[in-house]
Amino acid sequence: MGERKGTRVRANATVTEGGEQHAAGRTARFAPSLALPPYQTVALVLQGGGALGAYQAGVYEGLHEAGIVPNWIAGISIGALNTAIIAGNAPEHRVAKLKAFWDTVCQPAYGFSLPPSVENAFFDSPAPVRTAFTTMQAFSALVDGQRGFFVPRVPPPLPFTPSTPGTASWYDTAPLKSTLERLCDFDRINSGETRVSVAAVNVGTGNFEYFDNQHKTLRAEHFIASGSLPPGFAATEIDGEFYWDGGLMSNTPLSEVIQASPRRDTLAFQVDLWSARGPVPTNLTDVQGRMKDIQYSSRTRMVTDMMQHSQRFRHVLREVLMRVAPEHRDDPWCKLAEELSSSHRYNVFQLVYRDKEFDGNYKDYQFGVSTMNVHWQSGLRDIRDSLAQPGWLDMPDNDAGFVTHDIHRDQR
């Protein structure tokens, strides 16, 4: 890939002979540091999607090996947990910490873990055996919970039994707090080295709220709140208010990044875990899975389309103002147009998880280690292929000042 003029972002990787680098126990091909155009913001935007979040970890590993270090990370739900791991560690340790997190939460909380050779044998079996095996793993998540993440409440709550907002759920996420505090340096998160934003919904007001380290000190509870999806997980209390999963209202924080003021030239890597495209279901089980795909991916597409339309309006307005004679620029309407216009440019890489043949309607809570590794490698492959496309990292030069790239869409 040819060099581009602009800011060089250096990689943090251990390189061996033969041009390979080792990260978190896996061997990856080495990609030299890329020279980026002078984007003011390089953002990593992470959507919700439960167990599918390992795909985001793979995307981050690909950015790391290319030497791209985001200066803003925004997440919702599982994306918020990945955000905490990434922002809460030095760049050279982030991939290893992500691997430690996913290796932990992909183990049953109470049941026994299969030896890797046995699990791989089941996972690599013919489709009927693999489907039965992954279904069993999803059932295990419901019955046993996941280590360092959530455990079932004992005794289970009864539907009409009075409780408290912090216990009205099927599962207890107390183990997650310990996991985050073990794997994340919250002083680093709050240092401002990287901007961090995670979203949740205030249960009492119904308002969508971002917790941002530019405005408040973030704790483990802020990240857990972003993933407190009811009725599985209870609302998380923060400063006397209770919060649920931000995905209840918006499953992508892209709008927070694109609409930030003051506006800045932005390169955003938007990592989505639900694909709008998929087969038409033929049974009730598949209907449930397809409903999730459409529900969560449509919000992402709506936000992206809205942002592109809005930026085109601002960009065109700016170009029109440039053609207004100087003596008329003090007109109140021109001043208002000046406030609304923008010459900044936005380049959005859309990394979208594509369903695998073994995925079922339970794919967001099927935390098998073998499945996690496939998701991770899928994200790593997609970001490598995306970064290899000529011209994709360039500043947009169209009339909108806004472009999107999707390796699956653009190679069809």
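Start by selecting Val 198, which sits opposite Phe 211 in β11. A quick note before moving on: this is a predicted model, where local features need pLDDT of at least 70, side-chain atom pairs count only at pLDDT 80 or more, and totals for chains, interfaces and linings use all residues. Residues are numbered from 1 along each chain as its sequence is written, and side-chain values use heavy atoms, with hydrogens and water left out.

Now widen the selection to β10 (195-202) and β11 (208-212), which pair antiparallel over five bridges. Strands here are DSSP runs of E, at least two residues, and helices are runs of H or I, at least four, both numbered from the N terminus; pairing takes at least two DSSP bridges. The two strands make a hairpin with five residues between them, and Gly 206 in the turn has a positive phi of about 75°.

Next, grab α3 (94-105): its 12 residues reach 17 Å from first C-alpha to last, close to the 16 Å expected at 1.5 Å a residue. That expected span is 1.5 Å times one less than the number of residues. Color Arg 94, Phe 101 and Trp 102, which are among the buried residues of α3; buried means under 20% relative accessible area with a 1.4 Å probe, protein chains only.

Last stop: α10 (284-321), which gives the most to the lining of the largest cavity, with four residues. Show Ile 258, Gln 259, Arg 263, Met 307, Ser 310, Gln 311 and Arg 314 to see the whole lining. A cavity is a set of points on a 1 Å grid over the protein atoms alone where a 1.4 Å probe fits but cannot get out, and lining residues have an atom within 4 Å of a point.

Terms used:
Buried means under 20% relative accessible area, exposed over 50%, partly exposed in between (1.4 Å probe, protein chains only). On a 1 Å grid over the protein atoms alone, a cavity is a set of points where a 1.4 Å probe fits but cannot get out, and a pocket is an open set with protein on both sides within 12 Å along at least five of seven lines; lining residues have an atom within 4 Å of a point.
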